[in-house]
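Subject: Structure handover

Hello,

Here is the structure I promised. Please open it alongside these notes.

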Amino acid sequence: MSTVTCTIDGVSVTVEKGTTILEAARTVGIEVPHFCYHPALSIAANCRMCLVHVEKARNPLPACHATVADGMVVDTASEKTKHLQEAVLEFILVNHPVDCPVCDQAGECRLQDYYRDYSARPSRLDVPKVGKPKAKPLGPNVILDAERCILCTRCVRFTEEISKDFQLQTIGRGNHTEIDTFPGTEFDSAYSLNTVDICPVGALTSRDFRFKKRVWLLSRHETVCAGCARGCASFVDHADNTVYRYVPRYNPYVNDHWMCDAGRLRFHELQDHRLRSVMNRDAKGDAEPSVGETLERIAEALRLTENGRLGILLSPSLSNEDIYALRRFGKEAMGARFYVGGRAPGDADEILVMADKNANRLGLETLVSKAALKSLDALAKDLGSGAIDVLLIAGEHELSDAVIEAIDKAAHVVALTNLDAPWLRAVDRVLPTPQTFEYDGTYVSATGRVQRFERGVQPGPSVKPAWELVCKLAKLYGYADLDFASVRSIFKEISLGEAAFRGMNWKALRPFGAQLAGVAETMSPTIHARAGKH
Amino acid sequence: MKQPLRPKSERAKPFERREMTFAEKLFYPAIWEGLKVTTKHLVENIFGRKHTVTLEYPEVQRPYPERFRGQHRLMQRDDGSPRCVACMCCSTACPSNCITIVAGERPEETIEKFPMRFEIDLLKCIYCGMCVEACPCDAIRMDSGVHPKPTYNRQAAIIDKEGLLAAGAKTIATQGGTFGSRVAGHLKKHI
Amino acid sequence: MTAQVVEALVHAAIKFAILVPGFVLALAALMSWIERRQSAMIQDRVGPNRASIGGVRAWGLFHIIADTLKFALKENIVPRGSNPLLFRLAPFMAMAPALIVFAVMPVGPTNRWVVSNLDVGILFIFAIGSLSVYGATIAGWSSNNNFSLLGALRVSAQMISYEVSLALNLVGVFMVFGSINLQTIIEGQGALLGGVLPKWGIVVQPVAFFLFLAASIAETKRTPFDAPEGEPELVSGYFTEYSGLALATWFLTEFAAVIMVAMMATAVFFGGWQIPWLPPTPALVATWWFQIACVMAFFAKTLFFVWVQMQLRWTLLRMRYDQIMTMGWKYILPISLANVLVTGLFLLLTR
């Protein structure tokens, strides 16, 4: 591969041949303002915001489109170029309604940022602005404000190139150009909310997040979507201990820049139907039983249980650390039998959504060998035959009525789970565990990517992660070997003891995670789709 | 610790007692002078309150400076709805977090965002006026000149949107500033 | 005989009842308001003016009622360790003499206008008036409070000291008018000196008047001679422990003393009920309107001296205790004696 060397703002830059000026400038930390350019989409060069002066070129060149050549001298910051950017911005703002106070994009709006950086002066327009539809629902999840739109066509290119359902296009001409769907159709793509993310202004807004919170009041933590086995890297945006939205986080090995709508909106279910309090079937009085006393009761029951008569029903939605702690306690202290449950499979598509709706099946099958994990049918059978006295259910499960009935027969059923579910009626004691955005841990995606997620919001005082509960239970039971102080120490033990995880480092899991040994590294399917595009 | 020595000129001068004159020793002339002063004040204050500066508070009140920051109010549009568009600039600027706004949507209006709840906790408010500075819509003002009244419970110190609007009035300020107002004028002409 | 005594007693009782509760105590109550309003005006303030009945404020006059109600509703606290009997008795021991002395004060031209026209008139006033020192001393002692006791000591010392000067000041006047009967002294002031100047006590005895004023204010224990109740060092002096109506009694006593001093000054130095340049001929005295006019004149002069005392109280500073004593013994007393001597010589030479 040949390289070229050019000078950008006096800095010498050597890049691959064919690199655009904008990308070349980025490699040395120079940011050229732009609206329509998106690294994952084709180049449209229609916003003209990235115009830069190039020596010996007659006209200014769009930095997103023009490729660098040997000896090119690019100027992105001089007074002359700044004037250029200011002029372009003024044109873009000609018909912009400047309704920032009601606009949800305010605070993360490129138009706002660039206005402050490059113009910051009042409009000279003295004629009425062109009126266009405002707050027009394009589909179930996306609402369009056509007046704010600067026609960068990022959303159009997204539906053409990434989601491939060609649902959006520009209609009309000149001043009256608008983004719209084909008459009679809706923008109902399973990936429609990605257009809201890539929209550089407030034209496309999320119906779910609309008007809920100003973005500058949100705190952001890195997390992983637990909606399916893809494990999309994402941010959880929260304020006042409440999650407001999920936003995809770039990870070329998993999800590129994208995320499906269902995954983004799943936090509502997790937040609204979560368990907050400890439940004890034999609790007396109205007071909520404490975690400690409940664990003590469980430990008592376990002490009376013979070796091998404890069943542990594991969910593939548990974090690696939860699974590891449960495995160690079950195997080493109790000689337990392991079963696997989890969420039922669902729809899949060719982009990101996977049929397996559990975030960590690969992790479970790696940490507890596939052979040791018995099915739900086996569980029902073992319960029926009386092979199990105590059943410990950990994590999220969707169980059939037959299994629930079988569970009901067990002498003592304990659940460490996060969501309200029908099978809880067969359980004797419930200890609430946190949602993905409420604790630290790691998942292994179906493609073998080990990713870290971190705590965003604080769960209630009785909500404790499963690994912590298991460690406490082990102590009360009398098994002192299992004594972890933090997630990090568990992960360290996993990375030292488990072959597939060997060599992984908790800190190095950021930003893109690490690949599980023995599983081939794959790129995000959307990257495959756009490979060789330009 | 010893005091540092100072030049003589800087030292405190001792008070020199002067022998009183006979008239002074009598006291009566001095008392007479004193009586003259007090009687003058007495007479002048009885007939016309010449020297009295007391403001008899509840009835007579000192006029407040123009920029006095009193209890908040929400300004209204021509139809009586709040000018506030729930942009949260005030609650963001508020250093004491006393403003609670919950935004809502009304699809029939040109400006589709409006505050469903707008509450100010006067117990938290420090009357700094930052919310007024931050407001882009001339919606919140502190020019009512009203002192917050003491309340019997904490809940009563929270004024809601209705209360704030009732204290407000219609304002003629145009949204968008100087240039914007010219545009708005055109808009009215053309529509 | 018995019937005459009974009749005289009844007459005296009626006259006393009109004079003391009708004038003295009413004025004393009014003074509680006057004092605050006058001091406020002197100090460029407004003073109490807010008590109102049905919105009518009447310059704050209703504060008298409000204060009375408040005093009446307060608890009468008797401090622990005190002598409860003496503590309760003391205000009355001070109050009674202060009111009894008004019995010999002639407010009009005939005997009808005096409760009891005693020949020893002024001596009766001194004799009874000096009894009130017992009240203050016993109050201070029985309170079981250091501040009260110190206040009581100061009261007794101060009152006894100035009692002497006070009496000596008046000796000159007695010599000039040749009597200690108050009615005789007042009648003597009706003449005109050289046909122009009324022969008032202040004209014939000017030095005695000013010394009398100083000494009598010291007797009432008011500023500048109020060291016995000096707030900065003694809280409230001998009546620190009093509350409620007992405290109000102390105030009333003080105001009654002020009125007594005003009446004394009027009677002895300012012609009593005499109207200047209008000699009370027997024919004139016989008419009822002249009598009324004389009484009015007496009360007018009294009110003026009440005002003068108030004005002095809010003009002057409190003197230090040793200064009070020095002044009484080393200046007022010798000058009074000299005054008596000079007056005697003058009378001897001009006879």
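A polar contact here is a pair of N or O atoms within 3.5 Å; within protein, one must be able to donate a hydrogen and the other to accept it, and residues adjacent in sequence count only if both atoms are side-chain atoms. By that rule, 4 residue pairs are in polar contact across the interface of chain B and chain A, both residues at pLDDT 80 or more. On the side of chain B that touches chain A, the elements giving two or more residues are β2 (99-105) and α6 (177-190) of chain B. Helices (H or I, at least four residues) and strands (E, at least two) are DSSP runs, numbered from the N terminus. The most comes from α6(B), with 6 residues.

This is a predicted model: local features need pLDDT of at least 70, side-chain atom pairs count only at pLDDT 80 or more, and totals for chains, interfaces and linings use all residues. Residues are numbered from 1 along each chain as its sequence is written, chains are lettered from A and ligands numbered from 1 in the order in which they are written, and side-chain values use heavy atoms, with hydrogens and water left out.

Back to the interface. Chain B brings 20 residues to the contact (heavy atoms within 4.5 Å), and chain A brings 16 residues. Between chain B and chain A there are 3 salt bridges (a side-chain nitrogen of Lys or Arg within 4 Å of a carboxyl oxygen of Asp or Glu). B:Glu112 and A:Arg210 form a salt bridge through their side chains, at 3.3 Å, N to O.

Best wishes
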